[in-house]
Amino acid sequence: MKELSVENQIYLCKYHDVDKSLYTTIGLKDVEIKETLKKLKENGLYEQYRNLDEYEYEKIIKKEKKKNKYEKNSRQIQF
């Protein structure tokens with residue numbers, strides 16, 4: 001199964017019932033969407049992500065992008 005970023009996990013939880021082009025948006029097939037949603041529900045993240053307001057959603061996305069940028073830079077600087 002494809003590994004999703006936190007940003008895409010949140011997007012999936014918030015908009016899976018509205019966005020019918022999730023394969024194009026985040027690259028998941030219908031079976032993968034169902035499996036991912038099931039796992040998110042099992043570990044309690046589905047409701048948490050689904051209920052985020054737009055401010056919290058944007059805040060998490062910015063934090064993730066900053067984290068990913070830092071990790072990418074630190075991998076390039078290794079000696």
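Let's start with a charge over a ring: Lys41 lies over the face of Tyr46, at 4.8 Å from the ring centre. The criterion here is NZ of Lys or CZ of Arg within 6 Å of the ring centre and within 35 degrees of the ring normal.

Now the ground rules. This is a predicted model, where local features need pLDDT of at least 70, side-chain atom pairs count only at pLDDT 80 or more, and totals for chains, interfaces and linings use all residues. Residues are numbered from 1 along each chain as its sequence is written, and side-chain values use heavy atoms, with hydrogens and water left out.

Next, the overall picture. The protein has five helices and zero strands. Along the sequence the pattern reads α-α-α-α-α. Helices are DSSP runs of H or I, at least four residues, and strands are runs of E, at least two, numbered from the N terminus. Of the 79 residues, 25% are buried. Buried means under 20% relative accessible area, exposed over 50%, partly exposed in between, with a 1.4 Å probe and protein chains only. Take contacts, meaning heavy atoms within 4.5 Å. Among those between residues at least 6 apart in sequence, 67% join residues at least 24 apart.

On to Asp19. It sits in the loop between α1 (6–15) and α2 (22–26). What is the nearest side chain of opposite charge to Asp19? Lys20, 8.4 Å away. Lys and Arg count as positive, Asp and Glu as negative; His and the chain ends are not counted.

Asp19 does have polar partners. Its side chain makes a polar contact of 2.5 Å with that of Tyr11, and another of 3.0 Å with that of Thr25. A polar contact is a pair of N or O atoms within 3.5 Å; within protein, one must be able to donate a hydrogen and the other to accept it, and residues adjacent in sequence count only if both atoms are side-chain atoms.

Tyr11 leads us to the rings. The structure holds one aromatic pair. The ring centres of Tyr11 and Tyr15 are 4.9 Å apart and the planes are at 50°, so the pair is tilted. Rings of Phe, Tyr and Trp (its six-membered ring) pair if their centres lie within 6.5 Å; planes under 30 degrees apart are stacked, over 60 edge-to-face, the rest tilted. Tyr15 is partly exposed, at 24% relative accessible area.

Last, Gln9, also in helix α1. At 15% relative accessibility, Gln9 counts as buried.

How values were computed
Salt bridge = Lys/Arg side-chain N within 4 Å of Asp/Glu carboxyl O.
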